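Have a look at the structure first, then read on.

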Amino acid sequence: MGERNKRTKLKKSMGPGSIWAVAVGSIIGWGCFIQGGLWTERAGGPLPLFLGFLAGGLLMIVVGYSYSYMIAKFPVAGGEFAYAYKGFGRTASYICGWMLSLGYLSIVALNATALPVLASYIFPGVFNRGYLYTIAGYDVYMGEVGLSLFFIILFGIMNYKGAKSVGNLQLAMVLIMCAAVVVSVIGVIATGHFDASNLQPAYGAEGKSLGSGFVSILALAPFLYVGFDCIPQAAEEYDFPPQKCKMLIISALIVGALIYGAMALVTDCVVPWQQVLTMTDANGTLVKWHTGAVLDLAMGKVGVCFVALAVCMGIFTGMNGFFMTSSRLLFGMARAKMLPSAFEKVHPEHKTPSICVGFTMIICCICPFFGREVIGWVVDMCSVGTAFGYFFTCAGAYILLKKYGDDTDTNKIHPAVAMGGCVISVVILLLLIVPGSPAFMAPQSFAALIVWVLMGVTFYFVSKKNFAKVTKREMDYLILGNVQVVRGLRKGKDQGRVVQGNIVADQSNKS
């Protein structure tokens, strides 16, 4: 039993409200309040944009059903990484973890670098001081870098000190954000600035058909709704039954879709949507924050204050949620001997994966020095990484349902739902990586993806010597814990083991 005592565990300290807030706050980031005009232009009109948001949310709910099934079976840190292992083995789990890790880390950095964009509108000229250099056409200033670093370090410290307090803070920030969104929408309508004619032409601008505009937004679904998969990453820290996750996932996705649609409507309805990107300030300079400028026209500085509050909460909740997600993914991979053993350490007092949190903070602190454009190229890869995670989760669920399905399992889903999630994941991935697709990544993003894949292949063969030595039995325990799915077991025939449906916890191995 000596080897089996080596598995490090995280403290159960997070309630359902905190977990739901982590998901919603991670789904709604800076882009919801800053990118609205650019997204409408990408779609070629408001109609394909709204349809893309709606369809993307519905597709993610299909994927979310497989997540809820797998969380209930395997409530362990690592989420998709663990599910990929159960369905396809250790090589697949490594691929899944590698593809997800960059996306999660970069989203923290991108949210942090959104703060200077917001600050340049609210406090013009205050932070763009100490010019350093220009990279990819973006001027990098020490003042803006310092602002990003401050909040990266702040949220790093909070995540280092404890999951429960971070979860409570996340819930408070999400509620504030939702309230600010509601006030912004009601304010635009109440002041009489809502004009449906400003939404014309509904589609077809920029030479895009309704179909191509819709597809270009639909392909963003993994990026727009990435965040609900924070729920499985923290599963080991639930202080409630993991079966509750189904409603947490579905409700988080619905709220996320509503907020995306509401803020896009606010951005496009006050002035003709095609003029939003050409709006200028008092000095004749193109504004960087289109939603803020629109709310300023509709509600004055009061409107700007509410939407600024909403975007601050969106940025902070995104940073906070993905700090947690990134560190738990790294922790799960380290526990499986796929990363250095130091990443497996848990702080003796705070009971958090402190080394993983510190590593996440250091990597994210480097990113602001590369400028926002370069980080944007990397984040475009996030959709690719999350599509991998979605596929492995849905495929793993399908395999388990076909092999070990139990009609008495209250959390069971139909295998067709899991297969549907697989198809959705593959289609989204192909839309992103096949040249000529309306959602094909920018050349810089595609080049960055190739570099990241090559790095992953190299690191895999370097580290394979270590984790290949681990026996299957031990690897099962390190990744999945005491809970295993075992073929053919039924109640009354468990030979001394505790059976819940077809899930078996080997009590003899518990320390």
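Which residues line the second largest cavity? They are Thr113, Pro116, Tyr138, Val140, Tyr141, Glu144, Val145, Ser148, Pro368, Gly371, Arg372 and Ile375. Keep in mind that this is a predicted model, where local features need pLDDT of at least 70 and side-chain atom pairs count only at pLDDT 80 or more, while totals for chains, interfaces and linings use all residues. Residues are numbered from 1 along each chain as its sequence is written, and side-chain values use heavy atoms, with hydrogens and water left out.

**Cavities**

- Searching the whole structure turns up 4 cavities of 30 Å³ or more. (On a 1 Å grid over the protein atoms alone, a cavity is a set of points where a 1.4 Å probe fits but cannot get out, and lining residues have an atom within 4 Å of a point; grid points are joined across faces, edges and corners, and a volume is the space filled by probe spheres set on the points.)
- The largest cavity comes in at about 130 Å³.
- Two or more lining residues of the largest cavity come from each of α1 (16-27), α2 (31-34), α6 (90-122) and α10 (221-225). (Helices, H or I with at least four residues, and strands, E with at least two, are DSSP runs numbered from the N terminus.)
- That lining splits into 11 nonpolar, 4 polar and no charged residues. (Ala, Val, Leu, Ile, Met, Phe, Trp, Tyr, Cys and Pro count as nonpolar, Asp, Glu, Lys and Arg as charged, and the others, Gly among them, as polar.)
- Back to the second largest cavity: its volume is about 90 Å³, and α6, β2 (138-141), α7 (142-161) and α17 (372-379) each give at least two residues to its lining.
- The second largest cavity has 7 nonpolar, 3 polar and 2 charged residues in its lining.

**The largest pocket**

- The largest pocket holds about 1,100 Å³ of space. (A pocket is an open set with protein on both sides within 12 Å along at least five of seven lines.)
- Of its 32 lining residues, Trp30, Gln35, Leu38, Glu373 and Gly376 are nearest the centre.
- α3 (36-43), α6 and α17 each put at least two residues into the pocket lining, and α17 has the largest share, with 5 residues.
- By class, the pocket lining has 18 nonpolar, 7 polar and 7 charged residues.

**Helix pair α6 and α16**

- α6 packs against α16 (residues 354-366) at about 55°, with the axes 9 Å apart. (Axes are lines fitted to C-alpha atoms, for helices over the stretch in contact, and angles run from 0 to 180 degrees between N-to-C directions.)
- That angle makes α6 oblique to α16. (Angles under 35 degrees count as roughly parallel, over 145 as roughly antiparallel, 65 to 115 as roughly perpendicular and the rest as oblique.)
- The α6 and α16 crossing is right-handed. (A crossing is left-handed if the near helix is turned anticlockwise from the far one by less than a right angle, and right-handed if clockwise.)
- Leu105, Val108 and Ala109 of α6 make the contact with Thr360, Ile363 and Cys364 of α16. (Contact means heavy atoms within 4.5 Å.)

**Helix pair α5 and α21**

- The axes of α5 (residues 80-88) and α21 (residues 472-480) come within 10 Å and cross at roughly 150°, so the two helices are roughly antiparallel.
- The crossing of α5 and α21 is left-handed.
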